[in-house]
Amino acid sequence: MAKHSHTLHILFFFLTLVGSSYSGAIAIYWGQNGNEGTLSEACATRKYLYVNIAFLNKFGNGQTPEMNLAGHCNPPSGTCTKFSADIKDCQSKGIKVLLSIGGGIGSYSLSSKEDARNVSKFLWNTFLGGKSSSRPLGDAVLDGIDFDIELGSTKNYEHLARFLKDYGRLGRKVYLGAAPQCPIPDKFLDTALNKGLFDFVWVQFYNNPPCSYSNGDITNLVNSWNLWTTRVPKSKIFLGLPAASRAASSGFIPADVLTSKILPVIKKSPKYGGVMLWSRFYDLQDGYSTSIIGSV
């Protein structure tokens, strides 16, 4: 009888593993529309666990780095330091706040390993735990850096990631995020991703029909998701989506389709981290995160 009971326990444990589903969180991009409200207002909703401030869109190759926060503030004139209190407010709620470097419009590249070292030093001193006379976001210490690399050179990002990670030895951990496009391997970040240096990889499953949702068909998306979760080491993988149909040229998934057909499938992966949304502006308008948060 005891042996039979033991067998049943093992079977139950196995079935639990097979049917297990992992819970995740929502990540959001903030900073590219002056009508999306403040950072504190975004964090006050308690819907997002990660906020990427977008973007530092000029860096590397000997350039003086520049940040663009659209209509929110003007970094050179010092008006963005007002968000220092917002960053600290978000962090007090357990929300990780990262600076996103790159973006779809800008001038950036890394010409060498030494260039990557210089950019890492700039990021550490200007936005993270270092010291600089010029800190555009004030004295708040961001939690890390997000790599949204969509143009320029394809080389040396693995060096930038490693240098940034190494700064974590000086004190608090430096979190790293990455936002590759869904075609795999990613043109810009493949080498860096394969090093296992990123904590979060929010893959952009939009603007790329061959690996995105389209007209009720989830096959391409799920196939791509399975590739990402098996090929990228260590990182938590997020399903990156537009928060409204007008937020991207393709790949928008109606909330009911996401919650009933896609999340139950992808949440079976132990690497599932949640959903990333572009962006706070569209989410504020349409309330997409409210419609999905109970299922993420």
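**Close-up 1. The hairpin formed by strands β2 and β3 in the predicted model.** Six residues, given here as 6, separate β2 from β3 in this hairpin, and G60, which lies in the turn, has a positive phi of about 80 degrees. The two strands run antiparallel and are joined by 2 bridges, with β3 comprising residues 66-67. Across this pairing, K58 stands opposite E66 in β3. K58 also has a bridge partner in β5, namely S107, and the pairing of β2 with strand β5 (residues 107-108) is in the parallel sense, over 2 bridges.

**Close-up 2. Strand β2 and its parallel partners β1 and β4.** Strand β1 (residues 25-30) runs parallel to β2 and is joined to it by 4 bridges, and within this pairing A27 stands opposite Y50 in β2. With strand β4 (residues 96-103), β2 pairs in the parallel sense over 6 bridges, and here I53 stands opposite L99 in β4. Strand β2 itself spans residues 50-59, and because 9 of its 10 residues are buried, the strand is largely enclosed by the rest of the structure. In a regular strand, side chains alternate between the two faces of the sheet.

**Close-up 3. The largest nonpolar core and the surroundings of L160.** The largest nonpolar core has 97 residues, of which I53, L99, L123, F147, Y157 and L160 touch the most other members. Strand β2 gives the most to this core, contributing 7 residues. When its neighbours within four places in sequence are left aside, L160 is in contact with I101, L110, A116, V119, S120, L123 and F147. In soluble globular proteins, nonpolar side chains tend to be buried together.

**Close-up 4. The stacked pair of F200 and W202 and a cluster of rings.** The structure holds 20 aromatic pairs. In the pair made by F200 and W202, the ring centres are 5.3 Å apart and the planes lie at 20 degrees, which is under the 30 degrees required, so the pair counts as stacked. Both F200 and W202 are buried. Ring pairs also link F200 and W202 with Y50, Y175 and F238 into a cluster, and Y50 is the residue of β2 that stands opposite A27.

**Close-up 5. The tilted pair of F205 and W225.** The rings of F205 and W225 form an aromatic pair with a centre-to-centre distance of 6.4 Å and an angle of 40 degrees between the planes, an arrangement classed as tilted. F205 lies in the loop between β8 (200-204) and α7 (219-231), whereas W225 lies in helix α7, so the pair ties together parts that are 20 residues apart in sequence. With a relative accessibility of 0%, F205 counts as buried, and W225 is likewise buried, with a relative accessible area of 1%.

**Close-up 6. The buried side of helix α8.** Helix α8 (residues 255-266) has A255, V257, L258, I262, L263 and I266 as its buried residues. These residues cover an arc of only 135 degrees around the axis, which means that they are on the same side of α8. An α-helix has 3.6 residues a turn, so residues three or four places apart point the same way. Among the elements that cover the buried residues of α8 are α7, β9 (236-242), β10 (272-278) and α10 (288-292).

Technical notes. Residues are numbered from 1 along each chain as its sequence is written. This is a predicted model: local features need pLDDT of at least 70, side-chain atom pairs count only at pLDDT 80 or more; totals for chains, interfaces and linings use all residues. Side-chain values use heavy atoms; hydrogens and water are left out. Rings of Phe, Tyr and Trp (its six-membered ring) pair if their centres lie within 6.5 Å; planes under 30 degrees apart count as stacked, over 60 as edge-to-face and the rest as tilted. Buried means under 20% relative accessible area, exposed over 50%, partly exposed in between (1.4 Å probe, protein chains only). Two strands pair if DSSP finds at least two bridges between them. A nonpolar core is a set of buried Ala, Val, Leu, Ile, Met, Phe, Trp, Tyr and Cys residues joined through side-chain atoms within 4.5 Å. Contact means heavy atoms within 4.5 Å. The arc is that of the directions from the helix axis to the C-beta atoms.
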